[in-house]
Amino acid sequence: MINHHPPLELLFDYATGSLPEPVALAVASHASMCSDCRKQVDAVESLGGALLSSIEPEEVSKDALRSVMARLDEPEVGAMRCAAATNRETTEVVPEPLLPYLGRGLAHLAWRGVGRKFDEVHLNLAAKGFKASLMRLKPGAEMPSHTHVGTEYTLVLAGGYKDNGEQYGRGDFALKDSSHEHRPIVDTDEPCLCLVVLDAPVKLTGAMGRLMNPFLRV
Amino acid sequence: MDNDHLSNLIVTIANAGDRKAFADLFKHFAPRLKAFAVRQGVGSTTAEELMQESMLSVWRKAHTFDPKRATASTWVFTILRNKRIDMLRRENRPDVDIEDVPERASDASSADEDYQTRQTRDLLRHAMDELPADQVEVLQKAFFEDKSHSVVAEELNLPLGTVKSRIRLALSRMRAALPESQI
């Protein structure tokens, strides 16, 4: 049961195409697990369709049809990377939109231990000013209390955590900005796997935070 | 050309690689795609290129079109949107849709459903005309200018809450126009 969803406006921005790729990745991954949000995206796309059908047509170049027809048999170049063939363990956990960004099974990613609390692997995305990563938080791990200069988008893929009295589990989407100070605690027996997208550095609060800070730079 | 006919053309391309169907589809959509791209402010040459690349994608991705899930116009809109992200921003589009072949169990669709689908399409076609001007203004800016709702709010000099509520109202109107099976 998914209890935490992206705000409608974020789904709207995803559907109109205005979200930067890392944020779109988090939203698409959530929507692929959440039929309610998927329906919202479909509804926004219907608005786009209605705009397209009601627009005043513009004359196209004279040879446009001929030149497109001539290219119909061309092989497609620069197509979106295909989802890498990976094991079932990975495909059961990783949502479809995220798979191509991993390129290999979860166990074979370049995990990097950060303190004793979590492992992390960075995802390579072209968008500047963002950090996208998979984080695997150990059971019982308590993250240092922190706030954000920008916005943090978190999608839980496995396990779960508690934050400010709220429970987050698989499929839950959390959006935190500078108005939230939060301190997630993993409360499941299995590690908690999350997709985390940041659009500015994390600002740690408290003594433990200052110690952890160098590890969390964007 | 109505949406049912346009849907059939896409399905014919998917099933039979029919070039005549593609040419018909092109006549309808190419001038609209170009107009949409021009409204997005990319200039005539780029708009023409975006339109041509989008039409090529329509041909290549026709097998992913599911007439039960979206109208032809909605599906073609998503193709243009993705092309724009791909060409102008040089980014990939993380897509919710799994690009497998949708089920086309024709025997499962009853006369009732067909009637309902037609009703939906008529409603959708007029949905835009019936929205209040202030909602349309927000939508046009968001769709045509590739701007997030917060940027739209800034540029229209409106409180963020006002833009949010206009989006919500337009969406609930749109969802009311779609039957339960499609939303």
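Within what distance do the axes of helix α2 (residues 19-39) of chain B and α3(B) come, and at roughly what angle do they cross? Select these two helices in the viewer: their axes come within 9 Å and cross at roughly 145°. The model is predicted, so local features need pLDDT of at least 70 and side-chain atom pairs count only at pLDDT 80 or more, while totals for chains, interfaces and linings use all residues. Residues are numbered from 1 along each chain as its sequence is written, chains are lettered from A and ligands numbered from 1 in the order in which they are written, and side-chain values use heavy atoms, with hydrogens and water left out.

**First stop: α2(B) and α3(B)**

Helices here are DSSP runs (H or I, at least four residues), numbered from the N terminus. Axes are lines fitted to C-alpha atoms over the stretch in contact, and angles run from 0 to 180 degrees between N-to-C directions. The crossing of α2(B) and α3(B) is right-handed (the near helix is turned clockwise from the far one by less than a right angle). Select B:F22, B:F26 and B:F29, which are among the α2(B) residues that meet α3(B); the α3(B) side includes B:M51, B:M55 and B:W59. Contact means heavy atoms within 4.5 Å.

**Second stop: α3(B) and α4(B)**

Next, select residues 44-61 and residues 72-88 of chain B, the helices α3 and α4, whose axes come within 9 Å and cross at roughly 120°. The two helices are therefore oblique to each other (angles under 35 degrees count as roughly parallel, over 145 as roughly antiparallel, 65 to 115 as roughly perpendicular and the rest as oblique). This crossing is right-handed.

Now display both chains: 57 residues of chain A are in contact with 62 residues of chain B. Across this interface there are five salt bridges (a side-chain nitrogen of Lys or Arg within 4 Å of a carboxyl oxygen of Asp or Glu). Select A:D73 and B:R19, which form a salt bridge with the closest N and O atoms 2.7 Å apart. Finally, select A:D42 and B:R69, where the corresponding distance is 2.6 Å. A:D42 lies in helix α3 (residues 35-54) of chain A and B:R69 in the loop between α3 and α4 of chain B, so this pair joins two chains.
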